[in-house]
Amino acid sequence: MARYHIETYGCTSNRGESRQIERKLRDAGHKPVDGPDEADVAIMNTCTVVEKTEHNMLRRAQELEDETADLIVTGCMALAQGEEFEQAGVDAQVLHWDDVPTAIRNGECPTPESGTDPVIDGVVGILPIARGCMSDCSYCITKQATGKIDSPPVSENVEKARALVHAGAKEIRITGQDTGVYGWDDGERKLHVLLDRICDIEGDFRVRVGMANPKGVHGIREELAEVFTENEKLYNFIHAPVQSGSNDVLGDMRRQHQVSEFVEVVETFDERLDHWTLSTDFIVGFPSETARDHEQSMALFREVRPEKVNVTRFSKRPGTDADDMKGLGGQTKKDRSKEMSELKRDIVAEAYDELVGTTREVLVVEDGTGDSVKCRDGAYRQIIVQEASEYDFEVGDFVDVEVTGHNTVYALADPV
């Protein structure tokens, strides 16, 4: 869990995006602090309306870089002129708004403070299916707060899901510190059983599965792939954070999986599903990571070609075993992060290029900036429709759209 400081510049749309970022950060257990000098990470939501504003953004980013351990730059200038920060010598991660909360997690499990109570936000129902995990990662402070996995019965979670659907949820997000080990405390993993039962609930809705570590998924990969194949209500989306392409580094991280197990999960879903989205995480610059280890991560990235990737520069958390390890230099971490982030942009852009010209059914999930709406297709890709009011699009609608272009991390579409 990280301490964060956020600064917002520009219009009301930017302020709205910052509120969404903060909500997700707080839901995941992160804590706001009064200033950047007290924070593990500072977030700067930028504006670039005129040249003077651009200069002010660069100057403030340079100040924040000196005042905090880690800096994330997002917002309009970050998206339109992200290279300006690098050219100005600012050591920062330049991210889209939607990627900020997961980037801050530093590879740790999400840790909502609300326990396992479901909540509904608009048409999105949040269903934590369990608390805790089965891992003992050397860099993770979250485990000190959550403990081992504690799984309520399948029937209890199904009733919670049913209540969310009856309350108007059109998208149910299955969450947990590690959804892949749900049921392990009872002697067997039951995620596939739970998903199948939830999809049997009457109603027109979609289900997204939250983070599941590769080790937990690997043991039930065939059963999970079968459930995804048989249920159209499930988004064809898996978030399995591999963290490194080196077994040596995974050992030092005390991750429970090997690279080969992660690859076998990907291969299983590739064989069973025509279109699906792989989301994963990489930590670059772990204290024991060598140049060869980094190259192995890059090679794995090229092999599995995930469409959604969180690239995090390692930072130590107090009280963890990794906190006692001699760290790598900041420039090394910066260089490796830059190299992987550039590869990420190329691979993600290629995936979205392939969407252009296709027609897809999407669910309108939430209002976007201005007169736009954010939608999700069957593989949980984000698709933006502009001037939504002209088409009477409302949150919760299922509509057909044609993809006309993309902005690397999301697609643009017009109604059919």
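Buried means under 20% relative accessible area, exposed means over 50%, and partly exposed lies in between, with a 1.4 Å probe and protein chains only. By this scale Glu-387 is partly exposed, because its relative accessible area is 43%. The structure is a predicted model, in which local features need pLDDT of at least 70, side-chain atom pairs count only at pLDDT 80 or more, and totals for chains, interfaces and linings use all residues. Residues are numbered from 1 along each chain as its sequence is written, and side-chain values use heavy atoms, with hydrogens and water left out.

Helices (H or I, at least four residues) and strands (E, at least two) are DSSP runs, numbered from the N terminus. Glu-387 lies in the loop between β15 and β16. The phi of Glu-387 is near 50°, a positive value in a residue other than glycine. Most residues other than glycine have a negative phi. Arg-305 also has a phi near 50°, again positive in a residue other than glycine. Arg-305 is found in the loop between α13 (291–304) and β12. Its relative accessibility is 36%, so Arg-305 counts as partly exposed.

Glu-387 also belongs to a negative surface patch, together with Asp-367, Asp-371, Glu-390, Glu-402 and Asp-414. Patches are made of residues with over 30% relative accessible area and no salt bridge; like charges are joined within 9 Å, and nonpolar side chains (Val, Leu, Ile, Met, Phe, Trp, Tyr) within 5 Å. Accessible areas come from the Shrake-Rupley method with a 1.4 Å probe, and for residues only the protein chains shown count as cover. Lys and Arg count as positive and Asp and Glu as negative, while His and the chain ends are not counted. The place of a charge is taken as NZ of Lys, CZ of Arg, CG of Asp or CD of Glu. Glu-390 sits in the loop between β15 (382–385) and β16 (398–406). Glu-390 counts as exposed because its relative accessibility is 57%.

Val-385 is placed in strand β15. Val-385 is buried, with a relative accessible area of 0%. Ser-372 lies in the loop between β13 (359–367) and β14 (373–376). At 7% relative accessibility, Ser-372 is buried. Pro-128, in strand β7, counts as buried at 4% relative accessibility. Pro-128 and Ser-151 are 23 residues apart in sequence, and their C-alpha atoms are 10.0 Å apart.

Salt bridges were counted next. A salt bridge is a side-chain nitrogen of Lys or Arg within 4 Å of a carboxyl oxygen of Asp or Glu. The count by this rule is 24 salt bridges. One of them joins Lys-308 and Asp-99, at 2.9 Å from N to O. Lys-308 lies in strand β12 (residues 308–313) and Asp-99 in the loop between β5 (93–94) and α5 (100–103), so this pair ties together parts 209 residues apart in sequence. Lys-308 is partly exposed, with a relative accessible area of 30%. Asp-99 is buried, at 9% relative accessibility.

A salt bridge also links Asp-136 and Arg-254, whose closest N and O atoms are 3.4 Å apart. Asp-136 lies in the loop between β7 (124–128) and α6 (143–146), and Arg-254 in the loop between α11 (247–253) and α12 (259–272), so the pair ties together parts 118 residues apart in sequence. Asp-136 is partly exposed at 36% relative accessibility. Arg-254 is partly exposed as well, with a relative accessible area of 31%.

In the salt bridge between Arg-381 and Asp-377, the closest N and O atoms are 3.1 Å apart. Both Arg-381 and Asp-377 are buried. Elsewhere, a network of salt bridges links Glu-7, Arg-60, Glu-63 and Glu-67.

Cysteines were examined last. A disulfide is a pair of cysteine sulfur atoms within 2.5 Å. By this rule the model holds zero disulfides. Cys-47 is in no disulfide; the nearest cysteine sulfur belongs to Cys-76 and is 6.1 Å away. Cys-47 is buried, with a relative accessible area of 12%. Cys-76 is partly exposed, with a relative accessible area of 32%.
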